[in-house]
Amino acid sequence: MGLGVDKRIVANITAIGGFVPENRRTNFDLEKVTETSDEWIVKRTGIKERRILDEGLATSDMAVEAIKNLAVTYSIDLATIDCLMVATSTPDMLMPATANIIAGKLGIENIWAFDINAACSGFLYALNMGSSLVESGRYKRVLVVGADKISSYVDVYDRSTNILFGDGAGVVLLEPSADQNGLLDAILMSNGTGKESLHIEGGGSMYPASETSIEAGRHFIKQDGKVVFKNAIQSMSDTCINVVKRNNYTMNDVQWLIPHQANKRIIDAVGKEIEIEEGKTLVNIEKYGNTIAATIPLCMWENVHRLKKGDLILLTAFGAGFSWGSTLLNWTLD
Ligand code: ACO
């Protein structure tokens, strides 16, 4: 045994960045292409508009902008980054990994760069992977990106999906904490029961691109909204309650809940289920809709001025797979 001093390395978030495209797709735009209404969409989802990346640009372009934003804001020399992890389910292409493309665009060389696909839970999965790398002592500066250009897979004439999704990217930098404070714990889960309820089937090895797959619309995102809705509330609530409890906190100790932004009604239901005080949940869904892996880092980035050193923060997400989980952290930035 040592001297009774816990030398465990703890990872913490030391910088944050984000990016959303300029172009807005409002509910009124959707009224023109499908039978829907601004009133219905706001009431059933809380979304007013989403951002859509221009054709000819891809997920990596938004990630690059988010990383540049982080680097400028926090004076980070990107040459000192030793791992770049990208949570995305809308990679620029099937290979190479979007992380490699981003490294190339930023001129970062000799970096360990790779993608993680866990749909809307991707950022939490990557955050946990990234913190494990830092905790191992082998990596000191890990960039964790959540980025998706989901608009490439949305059928703009399908009102069951076109109302929900938008494009965006967020990123955090993980480093060893000076005072052993930061990312405290995570519970991450998955099962295979959601495959039929939420998927993009086309373009993979099961249904490679072909006239038939395109005619069948397999390249579009499809979902059974009701099944996803129900599972999302239960799964996020359970992991939120468990991660708080197993770290000997109560929900009253949590200063901010930053949930995946899929539907305002899901967010409200989770808040109620876990009995978090009103006003402690951060929401920006009205402006961006569901940006898949980007929702949590984008919401954190936009609200960074409200987060105070020492705040206990609970993150939670649910997505395709199904995949889901919750992360508990202490905010350490001033
Ligand atoms: N505009 C107007 N009316 C509509 C629309 C629309 N866009 N969509 C459905 N309706 C109508 C239906 O036809 C139905 O009419 P009826 O009562 O006359 O039959 C009524 O509104 C209710 O339809 P529901 O499908 O029951 O609507 P619901 O309240 O379930 O909302 C929604 C649908 C918004 C899709 C909701 O189910 C949802 O948000 N689910 C979660 C989806 C989600 O989070 N997906 C992403 C997960 S994350 C990831 O990994 C990608």
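So, Ile 200: leave aside its neighbours within four places in sequence, and Ile 200 is in contact with Ile 150, Tyr 153, Arg 218, His 219, Phe 220 and Ile 221. Contact here means heavy atoms within 4.5 Å. Where does Ile 200 lie? Ile 200 is in the loop between strand 9 (198-199) and helix 6 (211-215). Ile 200 has 29% relative accessibility, so it counts as partly exposed. The cut-offs are these: buried is under 20% relative accessible area, exposed is over 50%, and partly exposed is in between, with a 1.4 Å probe and protein chains only. And from Ile 200 to Leu 188, 12 residues apart along the chain, the C-alpha atoms are separated by 22 Å.

Quick housekeeping. This is a predicted model, where local features need pLDDT of at least 70 and side-chain atom pairs count only at pLDDT 80 or more, while totals for chains, interfaces and linings use all residues. Residues are numbered from 1 along each chain as its sequence is written, and side-chain values use heavy atoms, with hydrogens and water left out.

Next, helix 7, residues 225-246. Helix 7 has 22 residues and reaches 32 Å from its first C-alpha to its last, close to the 32 Å expected at 1.5 Å a residue. The expected span is 1.5 Å times one less than the number of residues. Buried residues in helix 7 include Val 228, Ala 232, Ser 235, Met 236, Thr 239, Cys 240 and Val 243. Following helix 7 comes Asn 248, with a positive phi near 60°.

Helix 7 also shows up in the largest nonpolar core. That core has 35 residues, and Ile 274 and Leu 314 touch the most other members. Helix 7, helix 8 (264-274), strand 12 and strand 13 are the elements that give two or more residues to this core. Which element gives the most? Helix 7 does, with 7 residues. By nonpolar core I mean a set of buried Ala, Val, Leu, Ile, Met, Phe, Trp, Tyr and Cys residues joined through side-chain atoms within 4.5 Å.

Strand 12 has a partner, too: strand 11 (residues 256-259) pairs with strand 12 in the parallel sense over 4 bridges. Ile 258 stands opposite Leu 315 in strand 12. In general, side chains in a regular strand alternate between the two faces of the sheet. In strand 11, Trp 256 and Ile 258 point one way, Leu 257 and Pro 259 point the other way, and all are buried.

The peptide bond from Met 95 to Pro 96 is cis, with omega near 5°, and Pro 96 is in the loop between strand 4 (83-87) and helix 4 (98-106). The bond from Gly 321 to Phe 322 is cis as well, with omega near 0°; Phe 322 lies in the loop between strand 12 (312-319) and strand 13 (323-330).

Then there's Ser 75, which isn't a glycine but has a positive phi, near 50°. Ser 75 sits in the loop between helix 3 (59-73) and strand 4, and counts as exposed because its relative accessibility is 65%. Asn 110 is a non-glycine with a positive phi of about 55°, in the loop between helix 4 and strand 5 (112-116).

Conventions. Pairing = 2+ DSSP bridges.
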